[in-house]
Amino acid sequence: MAVASAAAPAVNVFSFRDVRAAPDPVLEAGPVAHGPLPVPLVLDNGSFQARAGWACPGPDPGPEPRLQFRAVCARGRGGARGGAGPQVGNALGSLEPLRWMLRSPFDRNVPVNLELQELLLDYSFQHLGVSSQGCVDHPIVLTEAVCNPLYSRQMMSELLFECYGIPKVAYGIDSLFSFYHNKPKSLISSGLIISSGYQCTHILPVLEGRLDARNCKRINLGGSQAAVYLQRLLQLKYPGHLAAITLSRTEEILHEHSYIAEDYVEVLIVFPFPDFQNHAFEELQKWRCPDYYEDNVHKMQLPFSSKLLGSTLTSEEKQERRQQQLRRLQELNARRREEKLQLDQERLDRLLYVQELLEEGQMDQFHKALMELNMDSPEELQSYIQKLSSAVEQAKQKILQAEVNLEVDVVESKPETPDLEQLEPSLEDVENINDFEPLFSEETPEVEKPVATVQPVFNLAAYHQLFVGTERIRAPEIIFQPSLIGEEQAGVAETLQYVLDRYPKDVQELLVQNVFLTGGNMMYPGMKGRIEKELLEMRPFQSSFQVQLASNPVLDAWYGARDWALDHLDDEDVWITRKEYEEKGGGYLKEHCASNVYVPIRLPKQASRSSEAQASGKGSGASGGGASEQA
């Protein structure tokens, strides 16, 4: 526990915001959405957050998407029997109490659960104010995963056309839409896109405005794995605050307090030669310095209550509490004396009864009673009667003296007279004595302590602080070093080198002139410098390259999809209509500058029955001829 002065200044102390999402209002589409042509709906269907809005034509297409919510659902506690229905996104409020109930339609970054995806679309259309009856009479631009499986696209097309009755749809990749939004207009450009999101990190080469899907690579690491890794690090570091270190709070630390180290490598190089000094890489070497640690550690303040027992009691209240304990102890001692006196009186009456049997001459009953008392002679009986009588008299005098003088007299553990039965204390007496020990242990140190002693003040706020030091760079480092969490995958730098090596030198030079970073997991401070350092190490000497970070790595995918929808509103070569869906199936895709590559499933042609019969006839004839020749 931390023991410090309460007046110590707070340096680099941050409180958790614990943001609770507010329910989204049901918006109105507005007059711009009801023009002569249906206005497209743009849906960025992300695995972490869904974003929806209108692509309104005109000089001012509007601000950021009108609807942003977490892509999770939770069933109500009442279930299907009239209780609260399923809740989606911001309607859930705080996610931590419902963490065990949350469901997502995504497996990694691919939607696979049709029922949950329908809940997300219902929530989007309802809160955007879609007013058409029985259907959604608007074209839809929808994002999908890189190299999306045909089954997932087929499921999504079936849901949109059959359930919502949309007129047409266009699919595109979120990172390519972001690339489309940030590139100059009317320019067919090539480049290398590094996109890192909540579940995956992709490296996508773009040649002459089209995705080269054959050389795309994916790393199964993103913001989700970094948040879980950070939570595990902090829970191992602070086991006393295990329940308070929630996933939502670690995500807040990751988003607002983490950064990418430019030269983070957790390796210590030891040289055996005395002329060389042992070298530790720069970033971790900085954290070993106490001054650097004190200046850069972030102390995250957990919520706590300052009301502790005894912390706000004055000296008069403490004295009154001691007096109450003293009176309670006096009452307990008096009760114990009365119980012991009553027990001794009953034993004395029994011994006197046996003595009367001897005086009356009833020898048989006397010897029988003497054997029950485990005594050998009348002299021994007389000795016990005298000792027990004196003990009863002394107990009566102590009770009278305690009532007069109000003195505290603790009953001794050993009786003053020998017991006729076992002379060992009972289990109840031992437990009662143990109950009194804290009272005496609290009283005795007060006398021994000098009055002038200043006791250290326990700083409760400091005890509820999480010191986030090297964890600030360890968690986001996993996309460069997956081995930190035990993943046998290549990091971003190795995958980037692998993708570039698949092209000739001139194409490599073309790609590295436009390295584009996008995605929410690319927003760490220092990410651009780290990518530039990695490229500097892998590129030839004196070669050039250019790294560009998206203007808004989180929302540029939606902005790019909106710009693309406005630019291609009348282009029928990029939209999938309902007629084409019915003719070519749900997995059909029309390619464009921001789409996947369409790879249809080619089934083997089935032979007709007549050709099969002819082939079987020829086979039987050949076998018959062979048999005759053999005969």
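Q: Which helix gives the most to the lining of the largest cavity?
A: A cavity is a set of points on a 1 Å grid over the protein atoms alone where a 1.4 Å probe fits but cannot get out, and lining residues have an atom within 4 Å of a point. Helices (H or I, at least four residues) and strands (E, at least two) are DSSP runs, numbered from the N terminus. Here H1 gives the most, with four residues. H1 (114-127), strand S2 (41-45) and strand S3 (49-54) each supply at least two lining residues. This is a predicted model: local features need pLDDT of at least 70, side-chain atom pairs count only at pLDDT 80 or more, and totals for chains, interfaces and linings use all residues. Residues are numbered from 1 along each chain as its sequence is written, and side-chain values use heavy atoms, with hydrogens and water left out.

Q: How much space lies in the largest cavity?
A: About 70 Å³. Its lining includes Leu-43, Phe-69, Gln-117 and Leu-142.

Q: Which way do the side chains of strand S19 point?
A: In a regular strand the side chains alternate between the two faces of the sheet. In S19 (residues 515-518), Val-515 and Leu-517 point one way, and Phe-516 and Thr-518 the other. All are buried (under 20% relative accessible area, 1.4 Å probe, protein chains only).

Q: Which strands pair with S19?
A: Two strands pair if DSSP finds at least two bridges between them. Strand S11 (residues 191-196) pairs with S19 in the parallel sense over four bridges. Ser-195 stands opposite Thr-518. Strand S20 (residues 547-549) also pairs with S19 in the parallel sense, over three bridges. There, Gln-548 is the bridge partner of Phe-516.

Definitions and conventions: Buried means under 20% relative accessible area, exposed over 50%, partly exposed in between (1.4 Å probe, protein chains only). On a 1 Å grid over the protein atoms alone, a cavity is a set of points where a 1.4 Å probe fits but cannot get out, and a pocket is an open set with protein on both sides within 12 Å along at least five of seven lines; lining residues have an atom within 4 Å of a point. Grid points are joined across faces, edges and corners, and a volume is the space filled by probe spheres set on the points.
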